[in-house]
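Trainee: Could you walk me through how to read helix packing and burial in a model like this one? I would like the general idea first, and then the case at hand.

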Amino acid sequence: MSDLRCMRDDADDEYGIREFQEQLLDIMVYIDGFCSKYNIDYCLMAGSALGARRHGGFIPWDDDIDIYMTESDYSRFRRAFSQKGDHAHYYLQEWGKTRYHNQTMITMAKLRLNGSEIKEKAYAGWKMHQGVFVDIFILHNCADTRSKQIFQYIWSEAVVLKGLETRGYVAKNAKDKVMLLISRMIPTKFILKNGLKNAYKYQKQKTRFSHGFIDTRSFKRSVFPTQVMFPAVYADFEKVKLKVPANIDEYLRIQFGADYMTPPPASKRPINKHASDWSVNSTQYNDFSDEIKLI
């Protein structure tokens with residue numbers, strides 16, 4: 001095994017993915033340093049935040065890193081990376097990129113490692129960068145009233161389902177079946193523009209709540225008091241420190257429920273979502289023409 005400079009030396013490698021986690025953490029350390037330099041806030045989210053709190057680093061079987069940035073922080077990150085980023089080593093891939101009233105909106109972004117490859121069946125044969133990545137999701141300003149929150153949620157769900165459909169998703173419940181049926185009759189550009197317009201709707205207003213409807217499909221797990229999330233604070237993560245939500249325990253309670261500190265049984269641990277087929281090699285990416293289809 002190669003030198004794992006960012007990973008704790010005493011951690012067990014029961015799932016055989018510590019080298020892959022090291023690659024992810026290398027990317028994340030770059031993001032943290034870049035954001036610190038340009039005064040851009042971010043925080044770990046979902047399983048990455050849970051790992052920081054419950055395990056002091058990665059969840060042992062987790063093979064990705066997800067982070068949140070606010071709409072304004074991501075806009076500044078995009079501009080700063082375009083001008084000053086390490087393009088020799090990293091590539092910023094933006095999904096669902098849509099322009100509306102001189103504003104660039106996205107569903108999500110990935111900072112990918114050049115000279116690496118991660119094989120995902122959904123994108124086999126696609127002309128796009130397919131390097132190892134850290135996911136960047138947007139934490140949007142959310143309406144303060146429940147009815148308007150639900151409206152934002154429905155539009156976000158339409159965008160998410162349109163994206164899942166491109167990846168071969170088969171509806172698992174009645175709601176998804178109905179929404180997919182309707183969405184097939186509506187042009188993708190229309191759904192993307194109007195869905196993102198509503199996700200970003202309160203960007204220039206100060207709201208009490210934030211939402212992650214595009215990354216977490218459960219309504220009740222996606223709405224957070226804004227003060228719970230930012231400004232983010234540093235916490236231990238393996239051998240380094242990374243930012244987590246301002247009130248990480250309240251965030252995790254909303255996201256995962258009151259028993260978030262209790263690991264799931266072994267039979268319910270998702271293993272090898274990404275790490276089963278990856279490499280750091282000499283892969284060169286020159287054709288990105290299919291990235292326009294990413295939602």
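Mentor: Happy to! Let's begin with a crossing: that of H2 and H8 is left-handed, where left-handed means that the near helix is turned anticlockwise from the far one by less than a right angle, and right-handed means clockwise. This is a predicted model, in which local features need pLDDT of at least 70, side-chain atom pairs count only at pLDDT 80 or more, and totals for chains, interfaces and linings use all residues. Residues are numbered from 1 along each chain as its sequence is written, and side-chain values use heavy atoms, leaving out hydrogens and water.

Trainee: At what angle do H2 and H8 pack?

Mentor: Two packed helices are described by the angle between their axes and the distance between the axes. Here H2 (residues 46-55) and H8 (residues 248-256) pack at about 130 degrees, and their axes are 10 Å apart. Axes are lines fitted to C-alpha atoms, for helices over the stretch in contact, with angles from 0 to 180 degrees between N-to-C directions. H2 and H8 are therefore oblique to each other (under 35 degrees is roughly parallel, over 145 roughly antiparallel, 65 to 115 roughly perpendicular, the rest oblique). Helices are DSSP runs of H or I with at least four residues, strands are E runs of at least two, and both are numbered from the N terminus.

Trainee: Which residues in H2 and H8 meet?

Mentor: From H2 come Ala-46, Gly-47, Ala-49, Leu-50 and Arg-53, and they meet residues of H8 including Tyr-251, Leu-252 and Phe-256. Contact means heavy atoms within 4.5 Å.

Trainee: Why is H2 said to be largely enclosed?

Mentor: Eight of its ten residues are buried, so H2 is largely enclosed by the rest of the structure. Buried means under 20% relative accessible area, exposed over 50%, and partly exposed in between, with a 1.4 Å probe and protein chains only. Among the buried residues of H2 are Ser-48, Gly-51 and Arg-54. Their cover includes S2, strand S11 (233-237) and H8.

Trainee: Is Asp-66 buried or exposed?

Mentor: Asp-66 lies in strand S2 (residues 66-70) and counts as buried, at 10% relative accessibility. Leaving aside neighbours within four places in sequence, Asp-66 is in contact with residues including Ala-46, Ser-48 and Asp-135.

Trainee: And Tyr-251, what is it in contact with?

Mentor: Beyond neighbours within four places in sequence, the contacts of Tyr-251 include Ala-46, Ala-49, Tyr-68 and Phe-224.
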